[in-house]
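Please consult the sequence and the structure shown below while reading.

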Amino acid sequence: MQLQLISFVLILTCMEYTDCQQQPSRHRQHKQIPGVSSGCQGGCLTCSDYNGCLSCKPRLFIFLERNGMRQIGVCLPSCPSGFYGTRSPDRNTCTKCRPECDSCFNKNLCMRCRAGYYLHLGKCQESCPESLVCSDTQRECVPKCPADCDACLINDTCTRCRPGLYLLLGKCHHVCPEESEPNDKLMECSLQVHCEVGEWGEWSPCSRSGKTCGFKWGEETRTREVVQFPSAYGKPCPPIWEKKECVLKRRRCPGQGKGRKGERRGERRNRDNRRDKDSQDESRRERKKDRERERGETGDREDSENRNKTEQRRRRGQNRDPVVSPEGGGPTQ
């Protein structure tokens, strides 16, 4: 970049603007460069129409951008990737990193390497030492992963496990440890979440069938909210609802005392009638059994008498038969 220098016109400075207009002879003159302006924008202290910023305001870095055959100066608060900043009393400039560095802190300390190089101790190398392996993802020399790891960080922390293993806190497990549970979708072990419940609420009024009167005994209930629902393997929630028996303060509802008495009397009457009917049925069944028993005994006596009569007739018949004599004569009288 070459600039044609022209003599500066010295301009006298004055304390007040009105004095400068009235006393031009008191102005100091200085030389100016054609095309160079001090009224620049964008952080420039001085600039050129052809080359952009020539100098920057304090704390800013001047960065030269190439545009064809030209270099255009730009003032930036920090240097872009691939460059590092150097400060000096005169100016702050952006200097290009080494060719193998993608970003650097200074010319001897790389922060990230370009593709095909691997960072090790601030240097970008094409290969790594024997104890390390090349990581194309990180572009760094990293330690060899443990046997169970499929991918890991510099400090032997696993980021992905071999198939069938679960990842937990940078370690790979065949079975998730206690107080953790497997996630087969992510192949990770996550901490178990146990159920948490709040405090019990107040007991409800003593009631029965939705009424707070008309009965002797009723029930009181109370509930509590679930604060934290459990995970798949976490501890389940305890009961959130419970009840207890209670005595109703008013056994008779207003305006229903007589009706209840009548109902109770009717119920007692029905019970008495049922008991009387059951007793009568039982008496009838007993009498029927007695008659059947008597009928059976009478039949036995008649059978015995019939057998005796039959025996007597048979004997009488035997006595009437004639006796034949031994000589073959007629019957003897």
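## The link of Cys206 and Cys246

The link of Cys206 and Cys246 is right-handed, with 95° about the S-S bond. The two residues form a disulfide with their sulfur atoms 1.9 Å apart, a disulfide being a pair of cysteine sulfur atoms within 2.5 Å. This pair joins distant parts of the chain, 40 residues apart: Cys206 lies in the loop between E22 and strand E23 (217-223), and Cys246 lies in strand E25. Helices (H or I, at least four residues) and strands (E, at least two) are DSSP runs, numbered from the N terminus.

Cys206 counts as buried at 14% relative accessibility, and Cys246 counts as buried at 8%. Buried means under 20% relative accessible area, exposed over 50%, and partly exposed in between (1.4 Å probe, protein chains only).

## Basis of the model

This is a predicted model, in which local features need pLDDT of at least 70, side-chain atom pairs count only at pLDDT 80 or more, and totals for chains, interfaces and linings use all residues. Residues are numbered from 1 along each chain as its sequence is written, and side-chain values use heavy atoms, with hydrogens and water left out.

## Further disulfides

The structure holds 12 disulfides. One of them is formed by Cys195 and Cys237, whose sulfur atoms are 1.9 Å apart; this link is right-handed, with 95° about the S-S bond. Cys195 is in the loop between strand E21 (188-191) and strand E22 (196-197), and Cys237 is in the loop between strand E24 (226-228) and strand E25 (241-247). Cys195 is buried at 14% relative accessibility, whereas Cys237 is partly exposed, with a relative accessible area of 31%.

Cys56 and Cys75 also form a disulfide, with their sulfur atoms 2.0 Å apart. Their link is left-handed, with -90° about the S-S bond. Cys56 belongs to strand E5 (residues 52-56) and Cys75 to strand E7 (residues 70-76), 19 residues apart. Cys56 is buried, with a relative accessible area of 16%, and Cys75 is buried, with 8%.

Cys134 is partly exposed, with a relative accessible area of 38%.

## Arg268 in helix H2

Arg268 is located in helix H2 (residues 257-320). Arg268 is partly exposed, with a relative accessible area of 42%.
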